[in-house]
Amino acid sequence: MLEESTREGFGRGLAEAGEADARVVALTGDLNDSTKVEAFAKKFPGRFVQAGIAEQNMVAMAAGLAIAGKVPFAASFGAFLPARCFDQIRVSVALSNLNVKLAATHCGVTTGEDGANAQMLEDIALMRSLPNFTVIAPCDGEEARKATVAAASIAGPMYLRLGRERVPHVSGNGAFTIGKAVTLHEGSDVAIIANGVEVAQALEAAKALAAKGVSARVINLHTIKPLDENTLVKAAAQCGCVVTAEEHQLQGGVGSAVAELLAERRPTPIEMVAVRSKFGESGKPAELLKKFGLDAKGIERAALRALARRK
Amino acid sequence: MLEKLRQAAREMRVAVVKMTTAAGSGHPGGSLGIADVFAALYLGGVLKFKPGDARWKGRDYFVLSNGHLNPAWYAALAQAKCIPERELTTLRQLGSRLQGHPVRGTLPQVEVSTGSLGQGIGVAVGIALGMKMERLPNRVYCSMGDGELEEGSCWEAFAAASHYKLDNLTIFIDRNGLQQNGRTEGIMTLEPLAERLSSFGLNVINADGHDFTQILAAFKKARATKGKPSAIIFKTTMGKGVSFMQAKHEWHGKALSQTQAAEALKELAQ
């Protein structure tokens, strides 16, 4: 049931937001089709800015457009945004607290064949370290659409983490609220906290665990910053052990965010599914998820380790 | 008019020395060098603004891309009655609106946080683009340092400004030929600067940054230019007005001692 990539959902959401609000403008650097900004650019040519292959200037221009009263969405590959233009994001956007939306596609190992340089695995660590920023990683196309529409309607700097590959629709048809985690599967033995492509893998792992008599709760943590502290602390308290799953480096990602929270509020055994200080490589998305232990099997193994540590 | 500007620039230089000495740090050299240009910008009828209403919709936008020159800018804002004179000596102190580099959300006149070189110019291009989209008449002024031009992002911004024919944008460059560690030409060659800028599609205007007639004429010429953005190269002297600071790169980012400040103020009073 492969449906839609999060970048495609973003493209739909952007066109929808543009329809609803004339202040919405979009920028990209020669990646109209790859980032799916194309639909917006065709529909609203006067509100589309071609930045050329110059991401630093694209982000600075987005800041300027926000000052001019626009709601700019700047889109590129995660490898270039935030990686190449982090200084612009930090000073011109975050320190200025401007209403700029950044959309990074091709994040994670599921970017696939393009290989290590293109598979951005450090963006969450960068972006969640910035004051004022909201950081969102939707799990499927429909959730990406909703997140984009929501981002357009709320003032402040926001970062959307998107992927290249089509993923199953797992987020359901409920409302999307920035900062509110969604429990997709109830369970009481272990809480699996995932986002992005890892949500579908976590749901599959929960099924396999159920067959072994383990009741796993699956939480879609689409907003990494601000964290939905209550949902997470409650899950840790009720399940007694936690697994985090993300298509990102271990350092500074979702696992780190959850560990920071639980260490202070509810110390709980945590097992983290993440890339362990390695760069990606060329391959098919499914092969890479398996190789880096990010597939459902990897999450299942982590859940069993977490259970063994539960007091 | 010219005498009024001369007097204002003199008072701004006095303020720069007092502010940075009180703070014990800051960038007095470049601030003294740009004082005449900022005086002309704010008091010579160049920039449109309302002293009591920083976010007035009809204003021209000002971006200090070389954010470290904010002592001179704050002094100009005080001369233009945008902020109280007495606030100047709070520069760089805890809780002050006058942060070490401009931060949006402190002074309402700060459109964007700057201080990391090569960014403000891209922001200025974005504002100018936004004005064009809405066919608004507001102009955008962007102050830049010459050493700042070593940042590649400046040239990305120039390319975009030219591509989008932003004739509502006036860039002006403080060409004092010095940066923190020495001469710009010794650190990273900028010349032929005018040719470089003009090859990027900018309308280049050269002027003496200490001659008010030339400064005002340059801004006027930029405003009258259609179809392309303008870049004014203001030839200036770092530390202008204080003999022992003049044309010395050592005064880029160092405050004066109390004794030196007393000597500088004596000189500026003459």
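Because the model is predicted, local features need pLDDT of at least 70 and side-chain atom pairs count only at pLDDT 80 or more, whereas totals for chains, interfaces and linings use all residues. Residues are numbered from 1 along each chain as its sequence is written, and chains are lettered from A and ligands numbered from 1 in the order in which they are written.

Chain A is divided into domain 1 (2-168) and domain 2 (182-309), with bounds that come from an automatic or database domain assignment. The C-alpha centres of these two domains of chain A lie 25 Å apart, and 27 residues of domain 1 are in contact with 31 residues of domain 2, contact meaning that C-beta atoms, placed from the backbone, lie within 7 Å. On the domain 1 side, the elements that give two or more residues are α5 (123-128), β6 (134-136), α6 (141-153) and β8 (166-168) of chain A; helices (H or I, at least four residues) and strands (E, at least two) are DSSP runs, numbered from the N terminus. By class, that side has 14 nonpolar, 7 polar and 6 charged residues, where Ala, Val, Leu, Ile, Met, Phe, Trp, Tyr, Cys and Pro count as nonpolar, Asp, Glu, Lys and Arg as charged, and the others, Gly among them, as polar.

The contact between the chains takes 23 residues from chain B and 23 residues from chain A. On the chain B side, α4 (120-133) and α5 (152-163) are the elements that give two or more residues, and α4(B) gives the most, with 10 residues.

Within chain B, helix α1 (residues 2-23) packs with helix α3 (residues 70-79) at an angle of about 130 degrees, their axes being 9 Å apart. That angle makes α1(B) oblique to α3(B), since angles under 35 degrees count as roughly parallel, over 145 as roughly antiparallel, 65 to 115 as roughly perpendicular and the rest as oblique. Among the residues making this contact are Ala8(B) and Met12(B) of α1(B) and Pro71(B) and Ala75(B) of α3(B), and the residues of the contact divide into 10 nonpolar, 2 polar and 1 charged.

Finally, Ser199(B) is placed in helix α7 (residues 193-199) of chain B. Ser199(B) counts as exposed because it has 12 C-beta neighbours inside 10 Å (buried is 20 or more, exposed 12 or fewer, and partly exposed in between). The C-alpha atoms of Ser199(B) and Ala159(B) are separated by 9.7 Å, although these residues are 40 residues apart along the chain.

Notes
Axes fitted to C-alpha atoms, helices over the stretch in contact; angles between N-to-C directions. Contact = placed C-beta atoms within 7 Å.
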